[in-house]
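I opened the model today to go through its backbone and its strands, and I am keeping these entries in the order in which I looked things up.

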Amino acid sequence: MRYMRIVAGVMLSLAATVALAHAHLKKAVPADGGVVSTAPATVVLSFSEPAHLTACWIQKADGPKQKITGLPTAASPDITVPLPQLEPGTYVLSWNVVGDDTHVVPGQIHFTVSGTPAQH
């Protein structure tokens, strides 16, 4: 019985280590769930480790997803994502990143633009 507890403990430790190895979002500007009065021209995503953004989309409310182009090509812990001109409304920014462990990790943030569009 003691042997099984030791094996279970080791397995849980390994699982926790693997889960922590992925690049995960630490901070976003605008913040997840945030409300901004002026539409941002960019979103800054800060990850737990250098990450490479492989794909990114933005979607307004229930509208179609729009693929974002012109993404940075270098891996970095802080990634600036260029946005198209945004009208007032609620948005979802979703992405895929690859970290040092080579696993693709999806993510998303939600934010609301309450005021004027950004000037590009």
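I began with alanine 61, which I find exposed because its relative accessible area is 51%, where exposed means over 50%, buried under 20% and partly exposed in between, with a 1.4 Å probe and protein chains only. Alanine 61 sits in the loop between β3 and β4, and its phi is near 45 degrees, a positive value in a residue other than glycine. For the element names I rely on DSSP runs, numbered from the N terminus, with helices as H or I of at least four residues and strands as E of at least two.

Before going further I noted the ground rules: this is a predicted model, in which local features need pLDDT of at least 70 and side-chain atom pairs count only at pLDDT 80 or more, while totals for chains, interfaces and linings use all residues. Residues are numbered from 1 along each chain as its sequence is written, and side-chain values use heavy atoms, with hydrogens and water left out.

I then checked the confidence, pLDDT being the predictor's confidence in each residue from 0 to 100. The protein chain averages 86, and 78% of the residues score at least 70.

Next I turned to β6, which is largely enclosed by the rest of the structure because seven of its 10 residues are buried. I see β6 pairing with β3 in the antiparallel sense over eight bridges, and with β7, also antiparallel, over 10 bridges; two strands pair if DSSP finds at least two bridges between them. Leucine 53 has valine 97 of β6 as its bridge partner, and valine 98 stands opposite valine 104 in β7.

The hairpin of β6 and β7 has five residues between the strands, and in it threonine 102 takes a positive phi near 70 degrees. Threonine 102 is exposed, with a relative accessible area of 61%.

I also looked at serine 46 in strand β3 (residues 42-60), which counts as buried because its relative accessibility is 14%. Not counting residues up to four places away in sequence, serine 46 touches His24, Leu25, Lys26, Lys27, Pro77 and Asp78.

My last entry concerns the peptide bond from valine 29 to proline 30, which is cis, with omega near 5 degrees; proline 30 lies in the loop between β1 (25-29) and β2 (34-36).

How values were computed
Contact means heavy atoms within 4.5 Å.
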